[in-house]
Amino acid sequence: MSDAGPCPGFALVRIADRPDLKPTHIKEPTLKIAACLIVKDAEATIEQCLDSIRPHVDEINVYDTGSPDGTLALLKRLAKQGKHATAA
């Protein structure tokens, strides 16, 4: 499929529509998505938050900024269980 390009007389060709034009020596990139959360006093909500973003990312990094509640302990417990990623 082609469309009229920005210049008269030229056509825009979509590579996806022309497999014969795709370079064979270039691998498709593997994209990874990481979520980074900076939290404080989030013990009551952090597990639900992590559960909601888990299906959409490859890794989750959570940084606690000195919560006096049990946020950091909860994050460490979840990380040990393998439920979520890094806790710092």
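A close look at one residue

A: Ser67 counts as buried, at 13% relative accessibility, where buried means under 20% relative accessible area, exposed over 50% and partly exposed in between, for a 1.4 Å probe and protein chains only. This is a predicted model, in which local features need pLDDT of at least 70 and side-chain atom pairs count only at pLDDT 80 or more, while totals for chains, interfaces and linings use all residues. Residues are numbered from 1 along each chain as its sequence is written, and side-chain values use heavy atoms, with hydrogens and water left out.

Ser67 is located in the loop between β4 and α2, with helices (H or I, at least four residues) and strands (E, at least two) taken as DSSP runs numbered from the N terminus. Its side chain takes part in a polar contact of 2.5 Å with the side chain of Asp64, and it also reaches the backbone nitrogen of Asp41 at 2.5 Å; such a contact is a pair of N or O atoms within 3.5 Å, one able to donate a hydrogen and the other to accept it, and residues adjacent in sequence count only if both atoms are side-chain atoms. Once neighbours within four places in sequence are set aside, Ser67 is in contact (heavy atoms within 4.5 Å) with Val39, Lys40, Asp41 and Ala42.

Asp41, one of these partners, belongs to the loop between β3 and α1 and is partly exposed at 44% relative accessibility. Asp41 is not a glycine, yet it has a positive phi of about 55°. Most residues other than glycine have a negative phi.

On β3, Ala35, Leu37 and Val39 form the covered face, whereas Ala34, Cys36 and Ile38 form the uncovered one.

Strands β3 and β4 run parallel and are joined by six bridges, with at least two DSSP bridges needed for a pair. Within this pairing, Ala35 stands opposite Ile60 in β4. From β3 the chain crosses through α1 to β4, a right-handed β-α-β crossover.

Ile33, in the loop between β2 (11-13) and β3, is partly exposed, with a relative accessible area of 49%. Although Ile33 and Val57 are 24 residues apart along the chain, their C-alpha atoms are separated by 5.1 Å. Apart from residues up to four places away in sequence, Ile33 touches His56, Val57, Asp58 and Glu59.

For the protein as a whole, the secondary structure comes to two helices and five strands, following the pattern β-β-β-α-β-α-β along the sequence. Buried residues make up 19% of its 88 residues, and among contacts between residues at least 6 apart in sequence, 59% join residues at least 24 apart.

Key: A crossover is right-handed if, with the strands pointing away from the viewer, the path from the first strand over the helix to the second runs clockwise.
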